[in-house]
Each structure stands twice: as structure tokens, then as C-alpha cells.
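Hello! Here is the structure I promised to pass along, and below it you will find my notes on what turned up when I went through it.

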Amino acid sequence: MVARSVCFLPSVASVTGGGGNMKKFNIRKVLDGLTAASSSSSSATAQPGTPRENDVVQETLQSEHFQLCKTVRHGFPYQPSSMAFDPVQKILAVGTQTGALRLFGRAGVECYCQHESGAAVIQLQFLINEGALVSALADDSIHLWNLRQKIPAILHSLKFNRERITYCHLPFQSKWLYIGSERGNIHIVNVESFTLSGYVIMWNKAIELSTKTHPGPVVHISDNPMDEGKLLIGFECGVVVLWDLKSKKADYRYNYDEAIHSVAWHHEGKQFVCSHSDGTLTTWNIRAPAKPAQIITPHGKQPKDGKKPEPCKPILKVEYKTTRAGDPFMVLSGGLSYDTVGRRACLTVMHGKSTAVLEMDYPIVDFITLCETPYPNDFQEPYAVVVLLEKDLVVIDLGQIGYPIFESPYPLSIHESPVTCCEYFADCPSELIPALYSVGSRQKRQGYSKKEWPISGGNWGQGTQTYPEIIITGHADGSIKFWDASALMLQVLYKLKTAKVFERARGKEEKPSTDIVDEDPFAIQTLFWCPESRMLCVAGVSAHVIIYRFSKQEATTEVVQLLEVRMQCEFSEADSPDPGGEQTPTLPTSAASSSPQEAEPPNQLTAGVNSSEGARDNIPCLQVRSSPLKQSPGYQVELVVQLVWVSGEPPQQITSLAVNSSFGLVVFGNSNGLAVVDYVQKTLLLNLGTSELYSPSDPCQRQPRSPRKPRQPSGGFCDSNDGSNNSEDRCKSPTSAKMSRKISSSGEQKLDLDGKDNAFTRSRSSSVTSIDRESREAISSFYFCESFPRKSGSLASPCLLVGTTQGSVMMVALSLQPGGDQKLQQPLNFASCGTLVQLKGGILTMALLDAAGTMLPPSCEAWYDPNASDEEKEKEKTRRRRPATPPSSQEGQDSQFAVLCSEKQANVLAMPSQTSIYKHNITETSFVLRADVVQMAGAYCIACFCANGHIMTLSLPSLRPLLDINYLPLTDMRIARTFCFSNLGQALYLTSPTEIQRITYSQETCDNLQEMLSELFTPVETPEAPNRGFFKGLFGGGAQSLDREDLFGETAAGKASRSLAQHIPGPGSMEGMKGAASGVVGDLARARVALDERGQKLGELEERTAAMMASAESFSKHAHDMMVKYKDKKWYQL
């Protein structure tokens, strides 16, 4: 294989221009060297020349195209605290410590809600098959959620003032909610009106009068499955009371020495089980309160002498579920022996004589046993257990031997390893998702339950968005996940483990001393993906770059191709500027390994390098594996590039990355400079310090830096021209010229010295540099393009735009034309064209538009399978998309626009004149964290996210502000690291360590969001109640019903104290809707009134299935009828 020759040519001078802004403009003829006066951020630059008709750019994007709203949230609920399940609707609800509410149904049915207070959700209770949910919060408030609308809303809230809520219970098909308090009292709430009943069970009446101590908070409330008039109340101290609601007195009291954590009934209502703090389970017959019928310690060691077993850890929860055909199930969490220190949390399933202990990966928060019937007085027939862990959700199949788990259809593994970077690709090539799915499906684990996922409620949305969307996440363990994000869903497609190419240290004592990070040496720092060519390039925190190709066939790589690059720090105390201004000519740093396979081991690459005794030199941070690497179908390693230690200094982390498949090049940069690698030839073509990119006469150049010492190439490297070490054969770098500019002030000198002291400070991205600013100029962004390297040029040629953290944008011309395999044999020359423009703040993104304002994407090679046969490759090559013909420019006419965006400003340059046409100051007091040039409604714009929380869009090319909304202040660096925009108005960020929040800035998507969202509630018939049987009906042995209205209604119980709790109408109730209807969003609110009114009478049995179809008028009439009914009743009683 013939290596490319490379040459760095002297630079071409350039000028910077002024700024301006207007909606519609003409590209005018610009005299070479003309510099327009820079004006304010919204004035157009007047220039001579006659416009041509086809040079007019008519911008179509208007502010009406933009609106910001959240769409969906994916991932595992962060810091979960409670859980509930509707057995008829088959919907799961999870509450969190931050007041969030996540609802799950079938695959793709997810919903996120948030309590405004942000207080922890301590308990959730479904109104089973009613499309409603009650949440109890740690701030002693309860809320009624309407789930019959796509975006659930709170109908009512009740805030307790004098008592703290500890437990809630809502019997099946009842509208009366029992609320236990820390004081030991029980209050009753009507869930229809959310008003308190005057009926109160006081703690001092529930316990025996002889008891001298307070029983503690209420930890359990439940009614007897066979008698609704009997209420079982559990107090923390160990006392359980069976309360008769009609007679308002205690029937039985059950005392035990140990504190109670939970209580569970047998479905026949004759027995119940309590779990205690000493790891015991006590079984009680309701008519024998003197002592438990049975006491067992599931995990306790039974002493031989018959003594009491040793105490164990508390059993936090127990559930007792019966079956018709066999033994009952008893499921419990906790209760392990104290000698099992370090053992993971366990769920215990006791069935007959067998006891299964199921280890969990994380601590258990809660669990629910799923049963066939919602009726508590029937055989329960349990079939699964949903276990909510601190960082996972597991569903166990009780119907199969060994209790296998179900395969989760939800994207709950985002946080399997912490996310370190994120990229979003909307409207990508349609064949990508099937291709990734086909290789990812082979990675699935085996051993799952064969049954369908049991949480299967809800329906998918009916949205019309059909374009493919892919999200890529990089993780701390070096893994990369590809996700299908189409149609507001999220499903993992494929997982790539980049750490496989490196040797792993088996223990801490084997950890290499060359590591530059204490933890997660394989963590992904940044990544670059080309959807068309499917080339993937990732940069890790250990200063390594890996280039991957996509293949559908398995391959075995005998030797992983490795290239080591020496990027030297440009400052050292020994190298100081010559007092006379004369400087030693610098040898260029272009170097390449002559043969990657023959490169000497790192510890031998120290010849000819000046280093202090014992200092690490020419050693990479990680060791590439030496054994053959079996590569599965999917992404396969093409080349590994590692930066090495230099004279005891570790390599700087990589801050920017770009790949061009047409040229076969990858370029990366850090605070030392940039390097260009030919990944086809496996050679290093260019290695430049940042200062060497500037022209000697460049007015934007930083203060002069001392040149690096002339050094011989190390043993593994040779000159990239022909392998010789003669400096005469090399092209001179621009820095070999005389530099006479002095440091102008002591302040500047101090700034640069600080940069030397902070040489080891590394930031995760260019945006973070604004928060923890380094004075050393680093490369922050790259953009391959075909443009005009010279102002007077008329034919575009391949170029590389380079942006730095101090606002400089420079152009490097590449001499190679894309297309054809001959490019591998052609010499590749680089020429610096100097600085195009200088902006405030680090450069974040760059792009190129044609004269019509259309994006000019970098040329790329269509994908072909590298492991295919030669015949198949030839077929693929004939089908490859050829790069577009390079644009030309008539003499003196501008035909392109360079779009440049920094942390503070946006600028549009006319090319090839390099004149600033438009300039906009994005922010003065903050800085931009992320900026992307995106397609929107058939046009292009710049989307920006600022650290002060503002999301903005600017039109192109005139930079008119189209959207500016204060959305989300930067509260966590995770948001800065993961926020990204994509085409068609899509964006996302990691809102918590486990969750991705997707948002849209498109008016069209916001308008269609209701249709696109999934439905949680679907009309389902409630199962029939169990048959009482002839003899039970005859002799009264069946379930006893209770008219709770007669007991708890205002007529019988009176009114509750007004100071006890405050009723707050929710935004989803009629009161809230009427208030909103008179506001700015009145039209939208009126359109939703009919939907919201359907949740007003959720407890009425006759409205249960017809509520979704009822109109506002029918509800109004129904409410009037109810008012007349109660009015007549009160009048009659008077």
C-alpha cells in the first residue's frame, strides 16, 4: 500500500469583515481586501456591486414556526420512592423523591408528570379502572390525578396542616380514602369532592385505655376482604386494631413486642400476617387476639435447644396471595440474617414448602404482586411480582420454575453506566435503524420468561411523524449505545463496547501508572458519527481515538492497528522567547508510523527524546490488547490512535473530533494542537501546535509562543514524506518564520503563565471551558468542507475549518480532490490560510451554506461492507453516491456563506471574499453551551442553548432572532455535557443521571403533540365480582357490604375541622380550566375543556365507561341533577 506524502505550505493571508443583519439580502461583489466597518448586531453591511437575480436568498423561517415544549421523558425514574398498579387497566405508576410521577403501560406507552412542590411521593393509590390516581406526598398533601387525558392533570389537592400523612388506603370501588397520620389518627376523604369527612378514628379510642404510651404512627390500613365494615389498623409499636366502622369501637386488639412494618390479609378475611422489625412474620386469627397463631423467622437460624431464633433484619413488606389449585404465595422483602453483611438485597418467595431467595442488583424500594383479580375477597391467583429497585425495575414470573424475569420493553438501561456524552440524529437514512437492529438483536440476553410483558395497558399515539431518529449515548465504561428514538419512543438498537480493544487491569495493584484519570479510563469523551458512510469515531478520556467501520459480517482481527501520536505541550520553562526576537527555525511535527504492525513497543520508543531521569515518555495511557480480537457484526475497529506522554507530562484530553470518509481522514485536537490521521493508510499526516495555524502576520495571532525544541523522530515514527529524517526534505512550518511581536502587557503574560500552571486541567468539552476557563488555546471544533481557501479563488477545493477556544476560526486547505481510489496514492498537502474571523468566546459550531442558503454538508462516501467479497464491494462502489461537483465562483462573486457560532456570537462570512456579512451578539452576560446548525421547515437555522437557561434560534443567513425562551437554567454539568439539537425541531438532554428529556422547538410538533402522545386510559369492563354461592348467600357467609355514604357523609358524620386541611382546586379541574380559559391561552384551554371535564365525576359508576365520549353539556346537566337531588334530600330532612 502506498503511503500518502504530506506537505505543509506557507499560509495565505486573509482579512476579517464587519457585521450586519437583515431579513432578505443580495450577495454583492466585494473588492479584494475590503474590510467593512463593524456595526451593531442588527445592521446590514452596505457594499458596492450589482446583484444578480439568483443571488437573492428569500428566508422562509419566521418566529411562528417555533414554539418550545417538552415532549417525552425516557429512562428509569430517578430516585424512586413508591409504586402502584392498576390490575384492570394494567398501568404501573412510579413516584420519586423529587415529586415526579412516571406511568408505564405497554412498550412505547410512557408518561411523565411533576408535582409542583417537588416533595417526595410517599404513596400511590389507583382508583382501579377509573382512570384516576391518588398521590400522597411528604409535604402532607394528597392529589387526585386525571389519567383520562394524554397529559395527566391534577383535579384536586388537599393539604393537611396539623398532621403528617404516613399511610393511605383506598378500597376497591370505593370513593372514601382512609388517611393515617403520624399522630395515630385516621381521617377519611371523599375522592370525588376531595373534602374531609367528619368521621375520624382517634388513636386513643383505638388502643386500650390502659395503654400508657402512644402507639406511634399508623403504618397500615386495610378493610377486611369479607366485611367492609371492619378496618384493620396497624400502629408502628406493634399494636394492630380491628375497628368496627358502624359501632365506632375496636372489636379486637392484637399486641406484639416488635414494631410492625406491613400487614397482609388472607382473602377469606379470617387471618392476616404481620411483618416485624426483628425479621419475624406473625400470623393472627382475627377472633384469637391473645397470641399469634404462628410465628416464623424466614431467614433465622433455628437453635437446636428450641429457643427463639436469632433476630434478623426487618421484613419491610409482606404480601399473602392465595391460589385455587395449590399453596398460597408469601412474598417478602428484607428479613435477612445480620451475618449476611455485604449481601445484596433479596426478595423471598415462599410457596408451600419451598423458599426461593432472589438476589437483586440494587436495594429494594417497593414491590407489588400482580394478581388475576382486583377483588380482595377472591382467590388472588398471583402471576408476577413487580420489584422496584433503586436503579432498576424487575418483573418476576411466578408461573415458571426458577422464577425467571420478564424482558423489559422500556428503555430503563440508559444509566447502566453513567452517560458522558450524547448525540441526536433526526431524519437520518431510513436503512440505518434496520441495519443496527439486525446486528443488535444478536446481543440480547437469554433466559427470559416466555410470557408477554404483564404491564400492557394504554394505546400508542396516532402521530404522523414517520422520519427515523437515532440517539447515541457514550458511557463511563467505554460503551456506546444506539437508540431508536422514532415516533416519541425509545428502544435500544445496538451496544458497542470500546474497552474491548484495550487490556484490562485485573486488580487495583495492576492499574497502570500511566493513567491520567483515577476512574473510568475508558469513558467516552466525545464522538463523531457519519450516518451516510456509517463511520464512527470516538475519543476517550485517556487521550485515545478509535475509528470504527460498520460491517454485517463477523471478523477476527489478529492485531489491532495502533498509531501513537506525540502532541507536545508548547510551553516549558526552558523554552523562553529569544530576547533579540530571533527564533530557532522549527521542524514540522508531521510524522507517521511507517508500519503500524511493525511499530516498536511503547517502552522502546524513547530513543532520541530528551527526558528527565525516570520521567514517562512516549508511553500511552492505555495498553492495546495484543491477542486476536473477535469482532461481532456491527461496528468493528479500524484503527486506534493514542496520544503518548511527553517528558513526564500526560497527554491532554481530546476536545474536538471530525471524520471525512471521502478523504479517509480523521482530525482531532486538544489544548496542544491538532493532528490529522489517514485511517485508510494508518498514517499520521499532520501534527500541528495551535499557534502554528496562525499566519506570521496574522493580526489575530495569540502572543508568541516559544518554538518546540528540534527533536529527532522516535523509533516508531519517521517523516511522512519518504521516511527520511533530513529536515531539508520537509516543508517549513509557518512558525519557522521570524516572529518579532512581543508580549504587550504584564496581564497577558500572567494569563499565559497561568495556562502553563494549569497544563493538567482538562475539561470535558469546549462549552465547559467557559465555566473553568483555561488560558491555553485549545481546538474546540472542526468542519470539513469544500470552499475557497483564497479570497481571489474561483474554484472550491477541500478545506478544513478549525475553531479554537479563544474565538479564532482558521482555514486549512487540503490539496486532494475527493472521489476515486486514486486518492490513496496522491500526495496530500496542507496549507494554512490564516484566520478567517475572530469571535468572542470559544467556537462551538461551523457550517457552510450555498448561495441559496442551503446547507452544504461535508462530502462523504456511501457505506459499503468492508468484509464483503471483492465482487460485492465492486457492486457497492458502483452504487456509491458521488460527491457533488465543487461549486465555482465567478470572478469577484461570493457563492457561499460560512456560518460560525461561538459562546458569545454568531457570524456569517461571504466566501470567497471572507467578508463578514452578518454578525449577532447572542449573549452578553452568559455563554452558549451548545449550538447546532439544523434543518427546520425546509430551511436552516442556528439553535443555541445558553448557560442562563435560554434556548434561542437564529435565521440563516441573516441571523434574525426567531425564538428566545428562558427554559432551563444550568443546574448541573450533566445538562451541559448532554444537551444537543437535531433537525426538524428536536432536542434532548439528560435531565437526571437516569433519564433523557426530549423537547421540541417546532410549532408544528407542539400542535400535533396531543395526537402523538400515547393514551394511558382505555375503556375496559371491570371483571365480574366472585360468585357468593347458594349456601353463603343463604346463611350470610359471603362478603358483607357497607354503605359508607351513610357513615362518612356530611349528614351522618358532620363537617371536618376547616383548619385540619386546605382544599386546593387543581389546574386540571373545572375551576383551573375556567381560569386558564380567560387567559392568553384561552383558545387552547377551551379546546381541552371537554377532555378535562371527563375526569370530574370519576367515582360515579354510571360514568365509568362513557366518560371519554361525554360532552361538556351532558356533564353540566348531570351536575345539575346531582345538585337538585341533594338539595331535595336536605329539605326533606329539615
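**A serine in a loop**

Ser913 sits in the loop that links β51 (905–911) to β52 (915–921). Please keep in mind throughout that this is a predicted model. Is Ser913 buried or exposed? Its relative accessibility is 9%, so Ser913 counts as buried, the cut-off being under 20%. The side chain of Ser913 also has a partner: a polar contact of 2.9 Å joins it to the side chain of Asp894.

**An aspartate at the end of a strand**

Asp678 belongs to strand β43, which covers residues 673–678. With a relative accessible area of 0%, Asp678 is buried. What does the side chain of Asp678 reach? It comes to 2.9 Å from the backbone nitrogen of Gln681.

**The cysteines**

Leaving aside residues up to four places away in sequence, Cys785 touches Ser797, Pro798, Cys799, Leu801 and Leu848. Pro857 is 72 residues from Cys785 along the chain, yet their C-alpha atoms are separated by 7.2 Å.

Two other cysteines came up. Cys346 is buried, its relative accessible area being 3%. Cys422 has Thr473 as its bridge partner in β31. The strands involved there are β30 (residues 419–426) and β31 (residues 469–475), which pair in the antiparallel sense over seven bridges. Strand β30 is mostly covered, with eight of its eight residues buried.

**A four-stranded sheet**

Another part to look at is an open sheet of four strands, in the order β53-β54-β55-β56, with antiparallel pairing. Which strands are at the edges? They are β53 (928–936) and β56 (961–966), each of which pairs on one side only. Neighbouring strands in this sheet are turned by 15° against each other on average, with direction ignored.

Within the sheet, β55 (residues 950–955) and β56 are joined in the antiparallel sense by five bridges.

**The protein as a whole**

Finally, some overall numbers. The secondary structure comes to 13 helices and 60 strands. The protein has 1134 residues, and buried ones make up 58% of them. Taking contacts between residues at least 6 apart in sequence, 62% join residues that are at least 24 apart. The protein exposes about 47900 Å², and carbon and sulfur atoms supply 50% of that area.

Happy browsing, and do write back with any questions!

Methods. Residues are numbered from 1 along each chain as its sequence is written. This is a predicted model: local features need pLDDT of at least 70, side-chain atom pairs count only at pLDDT 80 or more; totals for chains, interfaces and linings use all residues. Side-chain values use heavy atoms; hydrogens and water are left out. Buried means under 20% relative accessible area, exposed over 50%, partly exposed in between (1.4 Å probe, protein chains only). A polar contact is a pair of N or O atoms within 3.5 Å; within protein, one must be able to donate a hydrogen and the other to accept it, and residues adjacent in sequence count only if both atoms are side-chain atoms. Contact means heavy atoms within 4.5 Å. Accessible areas come from the Shrake-Rupley method with a 1.4 Å probe; for residues, only the protein chains shown count as cover. Two strands pair if DSSP finds at least two bridges between them. Axes are lines fitted to C-alpha atoms, for helices over the stretch in contact, and angles run from 0 to 180 degrees between N-to-C directions.
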